[in-house]
Amino acid sequence: MTKAQEVAFDLRERINAGELQGGDALPSESQMMGQYGYSRETIRAGVRQLVDEGLVVTGQGQGKYVREDFPAVVWNWSTLESRSRHETAVEGRTAGDQWSSAVTEEGRAPRQDITVSIVEPPKHVRESLHLAEDGLAVARKRIRYVDNRPYALADSYFPQELVTGTPLMEPRDVSAPGGVLASVGLIQVKYRDEIAVRMPTRQEAELLALPAATPIAEHTRTGYDTEGRPLRCMVTVLPGDRHKILYEVSTD
């Protein structure tokens, strides 16, 4: 190993052993120079390896910290928006918002910041909703928090003519027995899911307070009615260090 790799190896072992835990500051450069007997540039090169690996993040000022662990939220996308879960919402056993219900069932506290606007949607959303080139959509954009920590972005897009005048235009949590769309006669009977794994944009990283080297999963779900008409396209951004996606698929 080079000297920088030796520094990185030792710090990595201390992190894996729990000697340095999530949120702990690394020793200062001066302290590590004395400990390892190497130059400042060598120490920086070793720490930079751990930043590139995502084990260490840069805090305010020049400090370096061990990446904090986020308890993973498990999403069973096979059942999250199922009709049976909506039925239990009617019976009062879960909240109307199924994402909030899933978080609450894990003993944690959900919260959402919601904005609503009429937009020209992104190209892949426009195509999913079968909108014209200049078609508009109603966008419900949410930053979703778990225990007051930003965990996900969820942007739902609807063809404007379908939801104008409905509760979906309100910039707050809304719910209804069977789902808000179903309550206004728009019943989703099928979903199409797409999952892309990529690095976040700068805006996504800022909204979610993501440390460097944190990939995200982009989950796009389009809902259709009985005639195959798209009613909604939801794009969810899930940071890779705080989520697990579960699917249950029949072999039939």
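Which residues lie nearest the centre of the second largest pocket? I started my notebook there.

**Entry 1: ground rules**

I'm working on a predicted model, where local features need pLDDT of at least 70, side-chain atom pairs count only at pLDDT 80 or more, and totals for chains, interfaces and linings use all residues. Residues are numbered from 1 along each chain as its sequence is written, and side-chain values use heavy atoms, with hydrogens and water left out.

**Entry 2: the pocket**

I found Lys 141, Leu 153, Asp 155, Tyr 157 and Gln 203 nearest the centre, out of 19 lining residues. Elements that give two or more residues to this lining are strands E4 (110–119), E5 (137–146), E6 (149–159) and E9 (230–239), plus helices H6 (123–128) and H9 (202–207). I noted the pocket's volume as about 370 Å³.

I had to look up the terms. On a 1 Å grid over the protein atoms alone, a pocket is an open set of points with protein on both sides within 12 Å along at least five of seven lines, and lining residues have an atom within 4 Å of a point. Grid points are joined across faces, edges and corners, and the volume is the space filled by probe spheres set on the points. Helices (H or I, at least four residues) and strands (E, at least two) are DSSP runs, numbered from the N terminus.

**Entry 3: the whole protein**

I listed nine helices and ten strands. The C-alpha trace spans about 70 × 40 × 40 Å along its principal axes. Of the 252 residues, 43% count as buried (under 20% relative accessible area; exposed is over 50%, partly exposed in between, with a 1.4 Å probe and protein chains only). I also checked contacts (heavy atoms within 4.5 Å): of those with a separation of 6 or more, 62% join residues 24 or more positions apart.

Most residues other than glycine have a negative phi. His 130 is in the loop between H6 and E5, and at 56% relative accessibility it counts as exposed.

Asp 147 isn't a glycine either, and its phi is positive at about 50°. I found Asp 147 in the loop between E5 and E6, partly exposed with a relative accessible area of 38%.

**Entry 4: Arg 14**

Is Arg 14 buried or exposed? Buried, with a relative accessible area of 15%. Arg 14 lies in helix H1 (residues 3–16). Leaving aside neighbours within four places in sequence, I noted that Arg 14 is in contact with Glu 19, Leu 20, Pro 27, Gln 35 and Tyr 36.

**Entry 5: Pro 211**

I found Pro 211 in the loop between H9 and strand E8 (216–224). Neighbours within four places aside, Pro 211 is in contact with Val 57, Arg 67, Asp 241 and Arg 242. I also checked Pro 211 against Ala 4: 207 residues apart in sequence and 22 Å apart in space, C-alpha to C-alpha.

**Entry 6: helix H5**

How many of the eight residues of H5 (residues 98–105) are buried? Six, so I wrote the helix down as mostly covered. The buried ones are Gln 98, Trp 99, Ser 100, Ser 101, Ala 102 and Val 103. After H5 comes Gly 107, with a positive phi near 80°.

Key:
On a 1 Å grid over the protein atoms alone, a cavity is a set of points where a 1.4 Å probe fits but cannot get out, and a pocket is an open set with protein on both sides within 12 Å along at least five of seven lines; lining residues have an atom within 4 Å of a point.
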